[in-house]
Amino acid sequence: MNKSYLQVQKRFFGFGLFLLIGAYYSNQAFIANPRKVNFFATHQAPPETPLISLEKNVLLVGIEPYLGKETINDNISPALKLLSNGRNLILKDADGVIRKAKEINIGWRAQQLKNPKIFARNTIGPFASFESAERMANDLIDKGIESTIAHPLDWEVWVSGDIEIPVSIKSTYQKIKVSKTVLPYLDGNSGKISLKGPISLQAPDGLRWGKGIYLGPFSIQSDAYGSWTLVEHVPIERYLNGVVPHEIGASSPESALAAQAILARTWALANSHRFKVDGYNLCSDTQCQVYKNPSEANQKIKTAIKKTAGKILIWNQKPINTVYHATNGGVMASVDEAWSTSQVPYLQMRLDGPKQWTSRVDLPLSNEKYLKSFLFSKSEAFGSDHPLFRWERTLEASQISEQLNQAQKVNSSFYPNKIKVVMRGSSGRVTSLKIGGKTGSEIFLKLDDIRRVLRQLPSTLFVVKEIKEGKWLFSGGGFGHGAGMSQSGAIDLAKNGWTTKQILSHYYPKTKYGFLP
């Protein structure tokens, strides 16, 4: 590993004005008719934030995004309250303003621009995940079209407004006039002091944030949407302290903890470009890996991280995308059953249990008869004691209609009366679900969009039946996308004496365990 690999690769325009998109369009002028705009950018890129940590292999992790966004619509935006865990915080802005205090409050105000900026782009999406958005971006590259992946509210792909998008790809042309910018200020006894970003923040004894303590250092920097983000500059090994206990649980067996540490490290490396448009590497919520309260890492976790320091999973000389989940319900998913992405040899459909059990399972599980037998018979799969290894959910037409509306899939008059599985992957997971309406219209949900819309469903490994008019029973297994390591399975294997290397080889066959060449 080297430091440059982890740094965000950015080509920025410098300071200037900030673009505001997504839910904040209401105060901006839209021009609906497309025309050539080759002198307009898709968005205003934020200025580059200097790497302020002196340590090696540093990640920039967005702790709190979209700060100040409400002010664009003349609403009050919550202040950013920064509280020290001991000695004074030290804040310094780009103009040299310095504040030292145990508590620092930053407010937000909107300023009218003397010279409004205009941006034009073709927007593709929303996508349910970064993985699906990246597949679209890669497909565009194959067509000779450059694009940008962004996350204003959902994942989107932006293409310059002067480029013609193939008719097979649904896109929306947007020409946006931005007339305001969001600016931070220090709020204290001496009044309001304007700040210029990026802003650095040192916390000698740590920053109290949420229910955790973060060591930093930090930056407060503008993003691609007109708002700002609190970013921690954290070395990757220390970053794992805030991931491992919250992803697999601090009480897990040693070899399972070590496996999780390796996966989290590998995933961070492979996904360090995820928030490139916003000038940092990763977020801290479920759109990335959950990262919170690093102080919760106990000695077992720290030992697991230290013993595996620098080690990752590699395929084709690169860190793999080590996706993982809570429980797979007894069968691993092929990666293309979870997201619209290409298959890889290390994420294929396989039963997840001892040979004496797997030999008795009828395949393929894309056969609904075999799938029902698999879901409703006693299982000896690894991790079968997880509470969501098997589950049932009942959904009514009104709930489904509301969720389809919230996801902007249908208009308010749509009312479902039929649900049918159209296609399954080899693991039995639903890859296409048809929802029919009373008026004869129908909507198709595919791959990760199924759970993005029907949020009550723990996984896409399910069968569905109508139990009465306007009410359906979903019976399924697993929690999460099902690709890669099942955390409950890894815990089970560790309890049975499997080593970390054996667990990783089981869930990611054909990969190499070691250091980056």
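Why does Val421 count as buried? Val421 counts as buried because its relative accessibility is 16%, where buried means under 20% relative accessible area, exposed over 50% and partly exposed in between, computed with a 1.4 Å probe on protein chains only. This is a predicted model, in which local features need pLDDT of at least 70 and side-chain atom pairs count only at pLDDT 80 or more, while totals for chains, interfaces and linings use all residues. Residues are numbered from 1 along each chain as its sequence is written, and side-chain values use heavy atoms, with hydrogens and water left out.

**The chain as a whole**
- The protein chain holds 13 helices and 29 strands, which are DSSP runs (H or I of at least four residues for helices, E of at least two for strands) numbered from the N terminus.
- Buried residues make up 56% of the 517 residues in the protein chain.
- Along its principal axes, the C-alpha trace of the protein chain spans about 70 × 60 × 40 Å.

**Around Val421**
- Val421 belongs to strand S23, which covers residues 416-424.
- Leaving aside residues up to four places away in sequence, Val421 touches Val430, Ser432, Leu433, Phe462 and Val464, a contact being heavy atoms within 4.5 Å.
- Val421 and Leu445 are 24 residues apart along the chain, and their C-alpha atoms are separated by 9.8 Å.

**Nonpolar cores**
- The largest nonpolar core has 96 residues, of which Leu82, Ile106, Ile220, Leu230, Tyr239, Met485 and Tyr508 touch the most other members; such a core is a set of buried Ala, Val, Leu, Ile, Met, Phe, Trp, Tyr and Cys residues joined through side-chain atoms within 4.5 Å.
- Helix H5 (residues 254-270) contributes the largest share of this core, with 11 residues.
- A second, separate core of 24 residues includes Val421, Val430, Ile443 and Leu445.

- Strand S26 is joined by 6 bridges to strand S27 (residues 471-477), and the two run antiparallel; the bridge partner of Glu466 in S27 is Trp472.

Key: Pairing = 2+ DSSP bridges.
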